[in-house]
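Take a look at the structure, try each task, and then follow the worked solution.

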Amino acid sequence: MSYVEYNHLLFEISQRLDQLNQHGHLLFMCRGRVASRPEDIPDALSLFRELEEQDNLAIDQVELLTELLKGVGEWSLFQKVRKFEDKRKEYKELLKQISRALDESNQLQQLISVCTARETLEENERNTQTARIFFEKLERRGLFEFGRLDFLKGILSETERQDLVKKVQDFEKRRIDEDEFERRKAQAGSIVAAARVVSGREEHNNLAIDRVELLKELLKEVEEWSLFQKVRKFENKRKEYKELLEQISRALDESNQLQQLIAVCTERETLEENERKTQTARILLEKLERRRLFEFSRLDFLKGILSGIERQDLVKKVQDFEKRRIDEDEFERRKAQAGSIVAAARVVGGRVIGGELKLF
């Protein structure tokens with residue numbers, strides 16, 4: 001992890017600690033580790049600066065920071081610091097392996113010459129006795145760091161140490177893969193949280209599946225286009241279903257069949273008082289749907305009560321809707337199968353290897 005990320009982490013933590021209003025607690029935990037008077041350390045960021053000045057906090061020395069976070073119960077930030085620490089240790093181990101290899105092969109002077117051709121080195125850098133110390137000095141100057149290793153790869157390449165260049169490349173790939181995993185995990189958490197809000201489970205424990213705008217916006221923001229398309233398809237199907245119910249309820253209200261409908265429903269299910277006193281067919285159907293007596297993919301109850309009041313025309317509407325849904329689902333299934341077959345054919349055909357078609 002770079003110095004920029006380290007500074008960002010300290011700033012983020014300081015903001016949160018200031019919100020907790022536990023400054024006195026933090027100062028007390030740091031007794032003996034700061035030289036300034038408490039009144040001269042007004043906030044967490046000032047405390048961190050003081051700890052750095054007293055050599056109690058640094059990019060490769062964050063143990064005290066983790067202890068402070070444990071002390072105030074900030075476990076999410078504690079985990080962030082631990083991850084930072086682990087990545088930083090892996091990075092330092094990489095530099096240690098590279099510097100050891102260069103020292104063992106007596107390539108320090110060659111390395112210094114290569115660097116001098118690229119950058120103006122200070123005298124104390126040119127007079128460095130080991131590759132490890134030399135790298136530490138270059139890193140402090142910002143010539144390379146955790147997320148910017150092109151300079152390091154360049155000087156290693158010019159010293160003809162492709163084996164060490166490969167080590168750096170492998171390290172970069174691991175870091176990219178792990179960062180991508182963390183990014184997707186965070187996205188998944190955000191999507192789940194948004195889905196809970198959209199579904200209304202955090203509000204009334206009801207499944208409000210007609211509100212997916214927030215979920216779509218989130219998916220667009222994180223560029224999860226395949227999931228976005230799935231939500232769009234769900235939304236379109238849901239709208240068609242709601243339109244079907246709207247047409248049915250309108251037809252029943254226009255023909256004054258609400259009471260007849262309630263009577264038929266009562267024969268099949270025990271209706272609550274507020275359901276029996278419903279004033280429109282639309283509201284009654286909404287209430288029955290909330291009770292899961294029928295829903296998008298289970299419409300037998302709805303067809304049954306419509307048949308019970310001799311509205312075969314409306315039963316036919318429901319059947320037509322079901323058929324369209326079945327046909328569209330089958331089309332999507334076959335399209336997905338076709339995509340899988342094409343992908344498999346590309347792998348078998350060798351198109352993913354070298355860009356050539358190798359069938360045998």
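## Exercise 1: an oblique pair

α13 and α16 are oblique to each other, a class for angles that are not under 35 degrees (roughly parallel), over 145 (roughly antiparallel) or 65 to 115 (roughly perpendicular). Before working through this, note that the model is predicted, with local features needing pLDDT of at least 70 and side-chain atom pairs pLDDT 80 or more, while totals for chains, interfaces and linings use all residues. Residues are numbered from 1 along each chain as its sequence is written, and side-chain values use heavy atoms, without hydrogens and water.

Task: describe how α13 and α16 pack, and find which residues meet.

Solution, step by step:

1. Two packed helices are described by the angle between their axes and the distance between the axes. Here, α13 (residues 258–268) and α16 (residues 300–308) pack at about 125°, with axes 9 Å apart. The axes are lines fitted to C-alpha atoms over the stretch in contact, and angles run from 0 to 180 degrees between N-to-C directions. The helices are DSSP runs (H or I, at least four residues), numbered from the N terminus.
2. The crossing of α13 past α16 is right-handed, the near helix being turned clockwise from the far one by less than a right angle.
3. On α13, L261, V264, C265 and R268 meet F301, G304, I305 and G308 of α16, where contact means heavy atoms within 4.5 Å.
4. By class, this contact of α13 with α16 has five nonpolar, two polar and one charged residue; Gly counts as polar, Cys as nonpolar and Arg as charged.

## Exercise 2: a lysine in α16

Task: is K303 buried or exposed, and which residues does K303 touch?

Solution, step by step:

1. Locate K303 in helix α16.
2. K303 has a relative accessible area of 18%, so K303 is buried (under 20%; exposed is over 50%, partly exposed in between, with a 1.4 Å probe and protein chains only).
3. Leaving aside residues up to four places away in sequence, K303 touches V315, V318, Q319 and E322.

## Exercise 3: a glutamate in α8

Task: where is E139, and what joins the side chains of E139 and Y91?

Solution, step by step:

1. E139 lies in helix α8, residues 131–140.
2. E139 is buried, at 2% relative accessible area.
3. The side chains of E139 and Y91 are joined by a polar contact of 3.3 Å (N or O atoms within 3.5 Å, one able to donate a hydrogen and the other to accept it).

Terms used:
Helices (H or I, at least four residues) and strands (E, at least two) are DSSP runs, numbered from the N terminus.
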